[in-house]
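Colleague: I have some questions about the terms used for this model. Please set each value against its cut-off.

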Amino acid sequence: MHRSMSSCQGEKRNTNNERLEYLGDAILGAIVADILYTMYPHQREGFLTNTRSKLVKRETLSKIAQEIGLEKVVRPVQTSHYHNSYVYGNALEALIGAVYIDQGYERCKKFVINRIIKPHIDIHNIARTEINFKSKLLEWGQKHHIPIQFDLVETSIDKTNSQQFRSEINIFGRKISEATGYTKKESHQIASEIAIRRIKNDSSLKNEILAQAAMLRREDSADFQTQEANAENMPKGNCSQEVAEN
């Protein structure tokens with residue numbers, strides 16, 4: 001039962017799947033990380049992190065959930081304010097969480113590989129597909145008139161003598177995320193992915209940012225109207241006299 005079908009039984013016991021979704025999300029992330037670590041032994045952390053994000057993103061999970069028939073057993077309420085496109089992906093996470101509790105990690109991993117990944121996901125193809133998280137974040141900022149600031153805060157050398165870059169993302173002077181990569185571009189991409197996930201999952205943070213952007217737009221509009229009014233009230237020169245003199 002999804003959150004949109006939440007009900008109470010006995011002593012007001014909540015019967016939705018949110019706890020299983022939470023567990024399944026964590027277990028699926030661990031299994032995919034395990035698979036990628038073995039499959040790509042020479043790839044850096046940034047590549048593994050980005051590929052895992054693409055494999056477990058909501059759109060991918062929802063598509064797989066419908067392909068394996070979960071939409072036939074999930075019954076979201078039409079009046080729910082939760083978007084139905086998320087319901088099936090959440091149900092798949094809950095199923096993975098239930099398999100983990102019932103069968104343990106190794107059998108759950110086999111279930112994910114044999115029933116979810118092999119029939120429905122081409123890992124190599126997805127790994128080659130670039131997701132530009134920075135562009136997505138900037139597009140969101142432009143849509144809502146929110147300035148997104150990328151700051152390089154530190155450069156360092158790791159144990160293999162490779163240069164690393166640590167970048168922060170700031171919105172209205174507030175640090176939203178930070179990440180380290182082997183190039184500035186990589187650090188921006190990872191920080192952008194973290195920022196997108198944080199804004200998406202933290203509704204209070206998102207609402208605060210949107211409210212501040214709306215307030216600034218109102219202030220800018222009021223300033224513009226004041227400038228227009230001042231311009232209209234300025235004394236006009238004696239144009240007729242100037243024309244006559246010329």
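Modeller: Start with Gly-89. Setting aside residues up to four places away in sequence, Gly-89 touches Arg-58, Leu-61, Ser-62 and Ala-65. Contact means heavy atoms within 4.5 Å. This is a predicted model: local features need pLDDT of at least 70, side-chain atom pairs count only at pLDDT 80 or more, and totals for chains, interfaces and linings use all residues. Residues are numbered from 1 along each chain as its sequence is written, and side-chain values use heavy atoms, with hydrogens and water left out.

Colleague: How far apart are Gly-89 and Arg-58 in sequence and in space?

Modeller: They are 31 residues apart in sequence and 6.0 Å apart in space, C-alpha to C-alpha. Gly-89 sits in helix α4 (residues 84-103). Helices (H or I, at least four residues) and strands (E, at least two) are DSSP runs, numbered from the N terminus.

Colleague: Why is Gly-89 called buried?

Modeller: Buried means under 20% relative accessible area, exposed over 50%, partly exposed in between (1.4 Å probe, protein chains only). Gly-89 has 0%, so it is buried.

Colleague: What makes His-145 count as exposed?

Modeller: Its relative accessibility is 53%, so His-145 counts as exposed. His-145 lies in the loop between α7 (133-143) and β3 (149-157). Its phi is positive, about 60°, although it is not a glycine.

Colleague: Why is Phe-172 called partly exposed?

Modeller: Phe-172 has a relative accessible area of 22%, so it is partly exposed. Phe-172 is in the loop between β4 (163-171) and β5 (174-181). Its phi is near 55°, a positive value in a residue other than glycine.
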